[in-house]
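Visitor: I would like a close look at a single part of this structure. Please keep to what can be computed from the atoms.

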Amino acid sequence: MRPLARRNLLATVAAISALLATSTPAHASQVPAFGDDFYWGVAASGFQSEGHAPDSNWTRYIATHPDYDRYGDSVDFYSRYASDIALAEQLGVNVYRIGIEWARVQPRPGVWDPNGFAFYDKVIAAIRGAGMRPMLTLDHWVYPGWAADRGGWRNAGMVEDWLTNMRAVVDRYAAADPLWVTINEPAAYMMNEVRNGGLPIGEIPVMQQRLADAHNSIYDYIHAVQPGAMVTSNVAYIPAADQAVNGAMLSLIANRLDYIGIDYYYGMSPATVAQYTSFAQNALWKLPLEADGIYYTLRHFARQFPGKPLYIVENGMPTENGAPRADGYTRADDLRDTIYWIQRARADGMNVMGYNYWSLTDNYEWGSYTPRFGLYTVDVRSDPALTRRPTDAVDAYRLITRDGGVPAHYLPTRVPATCSLVDAPSSCTDPVTLPR
């Protein structure tokens, strides 16, 4: 064997030292509670919950897809916002995420609807009046019909059209001191545009660059209007493939992210990878729920963006029409297990600043009312009254927000997955364990 050169030896020692420095610390016997500075929230989007929808790319997608559920008025947040915000207040949360629908406030180029803005004025006032901070999403996959007529994101002028509206939104609501989400899940946005015929697959790189330009420009504008603002574009974490899916977009906007907004729903391990066939069938309730995966997700971004605050902008459990899951996992158990792993992440030095449950109520899941994510379930198809019925997770979340997390000695109802692939290979080579 050829002896190692001295500089190669030093490099090897340095690499080992770096690995040891970033490996998972020994497990703690207790998980500390979060302090008063932690954000506990609920989340929703505009189109998915508001109803009374103006002309948009999505009203057109529904009209041209007979296999999609008819939208109706969704869960009618437009009329019931006050009572829904009151439900959130009773949970003890301090953040309420909503979307400001471009199609509602700018129905024609250069023309803003005062009634559209008046609606959001009332919603944001109600959120602040309930002691919560608004988290405002500028673009949750929906744009006006007139923008669709111009070609949507295929149109070279889309970025400037988008910015013209978003600057008006920022000017109106910056004084409310919101947290900002510029563009919801850019990779999923592009995928849905392709799926619905709004974008040829070959133009994904074009849309991605335009989304990045839009984010970077409005980020600078927000900071000019609201010094000290916290701005992100949240990413949907994809187990085992996140760098391939989200890496390019993140590289384009990395210098304009005040916190890393993360959406985590599903795990992946050798035992559950076959379940991903249900994703293509839109059977979201069959995808594997591995709460420990949120730890690896947070660790992934903590290493990619050292010191940057991390916020779980979306997390929740889908069920099929509100029925119990076939695996017997309850919404309350999934919530408690997830919060345990977030507390573990914070205890292990990750800069976690907040958590939003998706969603406060069930809503329109982009073509279907079958997947149910709500803390409060709503049967849009068969209940004209749109009654909000609490799930078992309502009381669970209320206790979590009251106590700053799960109890110190809590242990998850499910043990960590063997060789989680959520952040391969490090989640296999450097797994997290439970106290014995």
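Over the ring of which residue does the charged end of Arg-104 sit?

Guide: The model is predicted. The charged end of Arg-104 sits over the ring of Phe-119, at 5.8 Å from the ring centre. Phe-119 is one of the buried residues of helix 6.

Helix 6 covers residues 114–129, which makes 16 residues. From its first C-alpha to its last it reaches 22 Å, close to the 22 Å expected at 1.5 Å a residue. Besides Phe-119, the buried residues of helix 6 include Gly-116, Phe-117, Tyr-120, Val-123, Ile-124 and Ile-127. Viewed down the axis of helix 6, the buried residues fall within an arc of 150°, so they line one face of the helix. On the other side, Pro-114, Asn-115 and Gly-129 are exposed.

Both ends of helix 6 have a local feature. At its start, a side-chain oxygen of Asp-113 comes to within 2.8 Å of the backbone nitrogen of Asn-115. Just after the helix, Gly-131 takes a positive phi of about 85°.

Gln-48 has a relative accessible area of 1%, so it counts as buried. Its side chain makes a polar contact of 3.4 Å with the side chain of Trp-366. Neighbours within four places in sequence aside, Gln-48 is in contact with Ser-74, His-140, Trp-358, Asn-363, Tyr-364, Glu-365 and Trp-366.

Aromatic rings come next. The structure holds 35 aromatic pairs. In one of them, Phe-34 and Trp-40, the ring centres are 5.7 Å apart and the planes stand at 70°, so the pair is edge-to-face. Phe-34 and Trp-40 are both buried. Another edge-to-face pair is formed by Phe-47 and Tyr-364, with 6.4 Å from centre to centre and 80° between the planes. This pair links distant parts of the chain, 317 residues apart: Phe-47 is in helix 2, while Tyr-364 is in the loop between strand 10 (352–358) and strand 11 (371–372). With a relative accessible area of 4%, Phe-47 is buried; Tyr-364 is buried too, at 0%.

Phe-47 and Tyr-364 also belong to one aromatic cluster, together with Trp-58, Tyr-61, Tyr-68, Tyr-71, Trp-141, Trp-366 and Tyr-369. Two members of that cluster, Tyr-364 and Trp-366, are also among the contacts of Gln-48.

For a second case of a charge over a ring, take Arg-414: its charged end sits over the ring of Tyr-329, 3.8 Å from the centre.

In helix 14, 14 of the 17 residues are buried, so the helix is largely enclosed by the rest of the structure. Gly-349 follows helix 14 and has a positive phi, near 95°.

Notes
Residues are numbered from 1 along each chain as its sequence is written. Side-chain values use heavy atoms; hydrogens and water are left out. Buried means under 20% relative accessible area, exposed over 50%, partly exposed in between (1.4 Å probe, protein chains only). A polar contact is a pair of N or O atoms within 3.5 Å; within protein, one must be able to donate a hydrogen and the other to accept it, and residues adjacent in sequence count only if both atoms are side-chain atoms. Contact means heavy atoms within 4.5 Å. Helices (H or I, at least four residues) and strands (E, at least two) are DSSP runs, numbered from the N terminus. The expected span of a helix is 1.5 Å times one less than its number of residues. The arc is that of the directions from the helix axis to the C-beta atoms. Rings of Phe, Tyr and Trp (its six-membered ring) pair if their centres lie within 6.5 Å; planes under 30 degrees apart count as stacked, over 60 as edge-to-face and the rest as tilted. A charge sits over a ring if NZ of Lys or CZ of Arg is within 6 Å of the ring centre and within 35 degrees of the ring normal.
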